[in-house]
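Please open the structure in your viewer and keep the selection tool at hand.

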Amino acid sequence: MSYPRRRFIQTGGALAGATLAGCISVNDDNSGDDTSGDGSGNGDSSGATAQLWHARSKGPKKNLEENVGTFKSETNHTIQLSEISELEKKLENAIPAGKGPHMFQWAHDWVGEYQGIDFLSDQKSNLSVDLESTYTDAAAKAVQFNGEVLGLPWAAETVSLLYNKELVDEPPETVADMQSIMDDHHDPGNGKYGLSFPIDPYFISGYVQAFGGFYYDEQNDELGLTNEKTLQGFRFVRDKLVKYIPKDHAYDPQAAVFNEGNAPFAINGPWFLGTVRDSDLDVGVAPLPKPDGGEPKPYTTVKMWYFSKKMNDGGKSAEAARKFAEWHTTNTDVLSALADQHGFIPVHQDLAGSDELSAATKAYSQTVQMGEPIPTHKHMASVWDPLKNAFTKVAKGNQDAKPAFQQAEKTIKQNWD
């Protein structure tokens, strides 16, 4: 059902070092179920227990545990956390069996798919927070589908430009300026490159869609891979950027060349900041440089608390889960700490793009504002693999863009059928 991009954008890739420990089986998830008859989950009528599943790595996990403790002290509600490996697989086993959590954390791109198979709960009528006046427009839309509110958003992610300050004085505002710097440093024979850039549909989306093209239009259920403006974007990435990167286009070797100080630039996400800083690199972040005649339009993801089908049972446990989601996504102290400590890009209107953010997080926030959330329609899940396979052929010069993406669209439509 899923494309590996989903797990990648949650854990930040292998070099980001997200090791999941202390995982539990879905058969163990009922320890917090209601046993008191009043929905409290612990027999205490003054508080309730709700279950929350997540796959956070070590640092963000510690923050979440602290947040849950603060929430309990303020409300007397208990949030039972379970760190889950293979979260998607566990959810798809547990929810149809009437088990699983009240809420789980993941990026927004499961919304349409999971709503369509009845995994989620619409809490629109039970929420006290107004989405449109609280969160950015993109974040508010990302957690809704077919008129239902299926979770609450708390952060965004996208890829942007990182630059090594020892090699670059000022970040370039245009790709042309960026190219002149890359030319100065590109020396593959000596292990030096102009750019670190994993070739993946998510990473390249900002420039593929920079000239008015698109991967998939969920409003019209329409593919755009063979749209002339999209093809222009694919060719731009191939001709202007790919020539500056290592021959192995996978994440790890691309990330390594920047992490080792052998490239002036990287296009990567906020999860990568910890890795490069551990290597004692002095790194800056800037919005994606503009190509001539275009504007970068990268795909973004919105991290959210999903309301699982278990919320339909109602009672105090569901209320506790809902209150935690509202508290966590509107508490600006919590959100600011997540931004400062882990680079999570705020989607609360009071913080998004704020001067109070660190320079790196603000730059990522600016790039988020350039982009658009990944479509949530279930058809989008079938787009990723054929798109990646086609562009791999294009990037390596094995096939021109148009025939490669004509075949990709044919494959995608067959999968839809």
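**Stop 1: helices H9 and H15**

Select residues 228-241, which form helix H9, and residues 384-395, which form helix H15. In this predicted model, the two helices pack at an angle of about 45 degrees, with their axes 10 Å apart. Angles under 35 degrees count as roughly parallel and 65 to 115 degrees as roughly perpendicular; H9 and H15 are therefore oblique to each other. Their crossing is right-handed.

Now display the side chains that make the contact. On H9, select Phe 234, Val 237 and Arg 238; on H15, select Leu 387, Phe 391, Val 394 and Ala 395. Which classes of residue make up the contact of H9 with H15? Six are nonpolar, one is charged and none is polar.

**Stop 2: helices H8 and H9**

From H8, the contact is made by Ile 204, Tyr 207 and Val 208. By class, the contact of H8 with H9 has seven nonpolar residues, two polar ones and one charged one.

**Stop 3**

In soluble globular proteins, nonpolar side chains tend to be buried together.

Next, centre the view on Phe 197. Setting aside residues up to four places away in sequence, Phe 197 touches Phe 203, Ile 204, Val 237, Leu 241, Ile 245, Gln 254 and Ile 267.

**Stop 3: Met 304**

Select strand E13, residues 299-307, and find Met 304 in it. Is Met 304 buried or exposed? Its relative accessible area is 0%, and residues under 20% count as buried, so Met 304 is buried.

Met 304 and Gln 105 are 199 residues apart in sequence, yet their C-alpha atoms are 5.8 Å apart in space. The residues that Met 304 touches, beyond those up to four places away in sequence, include Phe 104, Gln 105, Trp 106, Leu 152 and Trp 154.

**Stop 4: Leu 127**

Move to the loop between H4 and H5, where Leu 127 is found. Leu 127 is buried, with a relative accessible area of 15%. Its C-alpha atom is separated by 9.8 Å from that of Ala 325, a residue 198 places away along the chain. Without counting residues up to four places away in sequence, Leu 127 touches Val 149, Leu 152, Phe 307, Arg 322 and Glu 326.

**Stop 5: two residues with positive phi**

Most residues other than glycine have a negative phi. Remain in the loop between helix H4 (111-116) and helix H5 (131-134), and select Asp 118. Phi of Asp 118 is near 65 degrees, a positive value. Asp 118 is partly exposed, with a relative accessible area of 41%.

Then select Glu 86, in the loop between strand E2 (78-83) and helix H3 (87-94). Glu 86 has a positive phi of about 50 degrees. Its relative accessible area is 43%, and Glu 86 is partly exposed.

**Stop 6: helices H12 and H13**

Select residues 315-330, helix H12, and residues 332-342, helix H13. They pack at an angle of about 60 degrees, with their axes 5 Å apart. This angle makes H12 oblique to H13. The contact is made by Trp 327, His 328, Thr 329 and Thr 330 of H12 with Thr 332, Val 334, Leu 335 and Leu 338 of H13. Four of the residues in this contact are nonpolar, four are polar and none is charged.

**Last stop: the whole chain**

Finally, display the entire protein chain, which has 16 helices and 14 strands. Of its 417 residues, 55% are buried.

Conventions. Residues are numbered from 1 along each chain as its sequence is written. This is a predicted model: local features need pLDDT of at least 70, side-chain atom pairs count only at pLDDT 80 or more; totals for chains, interfaces and linings use all residues. Side-chain values use heavy atoms; hydrogens and water are left out. Axes are lines fitted to C-alpha atoms, for helices over the stretch in contact, and angles run from 0 to 180 degrees between N-to-C directions. Helices (H or I, at least four residues) and strands (E, at least two) are DSSP runs, numbered from the N terminus. Angles under 35 degrees count as roughly parallel, over 145 as roughly antiparallel, 65 to 115 as roughly perpendicular and the rest as oblique. A crossing is left-handed if the near helix is turned anticlockwise from the far one by less than a right angle, and right-handed if clockwise. Contact means heavy atoms within 4.5 Å. Ala, Val, Leu, Ile, Met, Phe, Trp, Tyr, Cys and Pro count as nonpolar, Asp, Glu, Lys and Arg as charged, and the others, Gly among them, as polar. Buried means under 20% relative accessible area, exposed over 50%, partly exposed in between (1.4 Å probe, protein chains only).
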